[in-house]
Amino acid sequence: VKDCDTVDNTLYIPNSFSPNGDGDNDVLFVRGSGIKNIKLFIYNRWGEKVFETNNINNGWDGTVNGKLQSPGVYVYYMTGEFIGCKIFARKGNLTLIR
């Protein structure tokens, strides 16, 4: 029997990042503890998918097929599961700053 309350689960996705090559905050990563798996989708303001991953170690660098994306607000949708059987879903905005 799984005990869903024995693991300390946290989840964090920044609300902005600045992929400008200065080595600080250049890639958007999901961070947390107790995360078993994720599915992350990021869309531009026209609803076009610009990034997708199911690997928490794979972050978005602000490009699509090597092309720099415009500064602005993007939307993310994320689902996943914590170790200990808790399923989560999150959505929100993030800002790409150049």
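**A walk through a predicted fold**

Thr-63 lies in strand β6. Thr-63 has a relative accessible area of 18%, and because the limit for a buried residue is under 20%, Thr-63 counts as buried. Its side chain is joined to that of Asp-61 by a polar contact of 2.6 Å. Leaving aside neighbours within four places in sequence, Thr-63 is in contact with Val-50, Leu-68 and Gln-69. Pro-19 is 44 residues away from Thr-63 in sequence, yet the two C-alpha atoms are 8.9 Å apart in space.

The next feature is a sheet. Five strands form an open sheet with mixed pairing, in the order β2-β9-β8-β4-β5. At its edges stand β2 (16-17) and β5 (49-53); each has a single partner strand, so one side of each is left without a neighbour in the sheet. Further in, strand β8 (residues 72-82) pairs with strand β9 (residues 87-96) in the antiparallel sense, over 10 bridges. Within this part of the structure, Glu-81 stands opposite Ile-87 in β9.

The whole structure holds 5 aromatic pairs. In one of them, the ring centres of Trp-60 and Tyr-74 are 5.2 Å apart and the ring planes are at 65 degrees, so this pair is edge-to-face. Trp-60 lies in the loop between β5 and β6 (63-64), while Tyr-74 is in strand β8, so the pair ties together parts that are 14 residues apart in sequence. Are these two residues buried or exposed? Both Trp-60 and Tyr-74 are buried. They belong to one aromatic cluster, together with Phe-17 and Phe-51. Another ring, that of Phe-29, has a charged residue over its face: Arg-31 lies there, at 4.4 Å from the ring centre.

Charged residues can also meet each other. Side chains of opposite charge can pair when their charged atoms come close. How many salt bridges does a search of the whole structure find? It finds 1. The partners are Glu-52 and Lys-49, whose closest N and O atoms are 2.5 Å apart. Glu-52 has a relative accessibility of 45%, so it counts as partly exposed. Lys-49 likewise has 45% relative accessibility and counts as partly exposed.

Note on methods. Residues numbered from 1 in each chain as written. Predicted model: local features only at pLDDT ≥ 70, side-chain atom pairs only at ≥ 80, totals over all residues. Heavy atoms only, no water. Salt bridge = Lys/Arg side-chain N within 4 Å of Asp/Glu carboxyl O. Buried < 20%, exposed > 50% of the residue type's maximum accessible area, 1.4 Å probe, protein only. Pairing = 2+ DSSP bridges. Helix = DSSP H or I, 4+ residues; strand = E, 2+ residues; numbered from the N terminus. Phe/Tyr/Trp six-rings, centres within 6.5 Å; stacked < 30°, edge-to-face > 60°. Lys NZ or Arg CZ within 6 Å of the ring centre and 35° of its normal. Contact = heavy atoms within 4.5 Å. Polar contact = N/O pair within 3.5 Å; in protein donor to acceptor, adjacent residues only side chain to side chain.
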